Amino acid sequence: MKTNEIYDTIVLGLGPAGISAAIYLKRFNHSVLAIGLDGGSLKGLHHIDNYYGSFHLSGDDILNNGYAQAKALGIELKFEEVVDIEVDSIVHVKTNLGNYEAKTLFLALGLGRKKPNIGRLKDYEGKGVSYCATCDGFLYRNRPIALLGEGKLMEEEYDVLSHISDKVYVLTNGKKVDFKVKVNENEIDHLEGEEYLERIVFKNGESLHVDALFIANGLLDTFKSAKKIGLAVNESDELIVDENGKTNVPFIFAGGDMISGVKQIAKAVDDGMKAAYAIHKLLSSKS
Ligand SMILES: Cc1cc2nc3c(=O)[nH]c(=O)nc-3n(C[C@H](O)[C@H](O)[C@H](O)COP(=O)(O)OP(=O)(O)OC[C@H]3O[C@@H](n4cnc5c(N)ncnc54)[C@H](O)[C@@H]3O)c2cc1C
């Protein structure tokens, strides 16, 4: 991997964690390159009402404001796919379009949620189908809700939803799942509803009336190279960091949905800011 400029920091991820870190670092007068594929989790969300100052703003509004804010500071943004990372005395990042080098790296690649293969799922995303109980559960207070999933993610989502409604049906879509409440293991065929989700139709012909379907089907392995370069992960596949976002690999920090804690914008922004302070301190001690 060869390149000309060695940046003080490369930020991977253009979501709230990455852009927040980039803004703080640039304002500390460091050279920053921020790389990401797209808007991540916020892309296409209709409304974000629980983040401070976000009133009637969509996910795209927040993203575009963040990009504009970063560009106005002179931060270089590149919409490219990261395909490899190598670390020696500096950090090397390879994307589908180029090679970049930096003294430090902030990883904020978010997490991808696995989508099940259910007929008409896409038609009801944002219209009853959600991938985040903390974000959207509130909209379905005391209404019938289905939760599809397994493992730790499903258990966490259930804890949120069971405080919102006493009609939470746990579905496993054909899998055998042991859980503290009775689960429905029937395989799901498709979703139905006029404009918004109204019912889930199973392959055996039965159906379940619900106003919402929350999906906690597991997470995609956001970035396999993270493990390749020796970054430590916990049992939930989240990167392990200290209180300032520092990983076990020198020069590499991480934040946002890639590390443990609440998966929300406020926390991602905080992670980005804290890591920027720590990176600034590290860079200052080197110069
Ligand atoms: C359906 C849904 C609704 C939500 N609603 C809310 C809400 O109402 N309020 C709230 O506070 N939070 C909400 N969230 C959670 C919030 O979106 C996340 O917590 C937050 O976006 C995490 O920020 P992040 O910067 O860690 O990751 P993300 O915002 O996901 O950003 C990840 C970045 O990494 C990039 N990336 C990933 N892989 C690669 C790669 N290989 N190469 C290059 N770039 C890559 C992506 O393109 C993106 O730029 C919601 C999430 C979902 C899924």
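**Salt bridges in the predicted model**

Lys 103 pairs with Asp 8 in a salt bridge whose closest N and O atoms lie 3.1 Å apart; the term denotes a side-chain nitrogen of Lys or Arg within 4 Å of a carboxyl oxygen of Asp or Glu. This pair ties together distant parts of the chain, with Lys 103 in strand 6 (residues 99-107) and Asp 8 in strand 1 (residues 6-12), 95 residues apart. Helices (H or I, at least four residues) and strands (E, at least two) are DSSP runs, numbered from the N terminus. Asp 8 is buried at 13% relative accessible area, while Lys 103 is partly exposed at 33%. Here buried means under 20% relative accessible area, exposed over 50%, and partly exposed in between (1.4 Å probe, protein chains only).

The model is predicted, so local features need pLDDT of at least 70 and side-chain atom pairs count only at pLDDT 80 or more, whereas totals for chains, interfaces and linings use all residues. Residues are numbered from 1 along each chain as its sequence is written, and side-chain values use heavy atoms, with hydrogens and water left out.

In total, the structure holds 16 salt bridges. Among them is the one between Glu 238 and Lys 263, with closest N and O atoms 2.9 Å apart. These two residues also link distant parts of the chain: Glu 238 sits in the loop between helix 5 (224-228) and strand 15 (252-254), and Lys 263 in the loop between strand 15 and helix 6 (265-286), 25 residues apart. Glu 238 is buried, at 11% relative accessible area.

Lys 78 and Glu 76 also meet in a salt bridge (3.6 Å, N to O). Lys 78 is partly exposed at 22%, as is Glu 76 at 31%.
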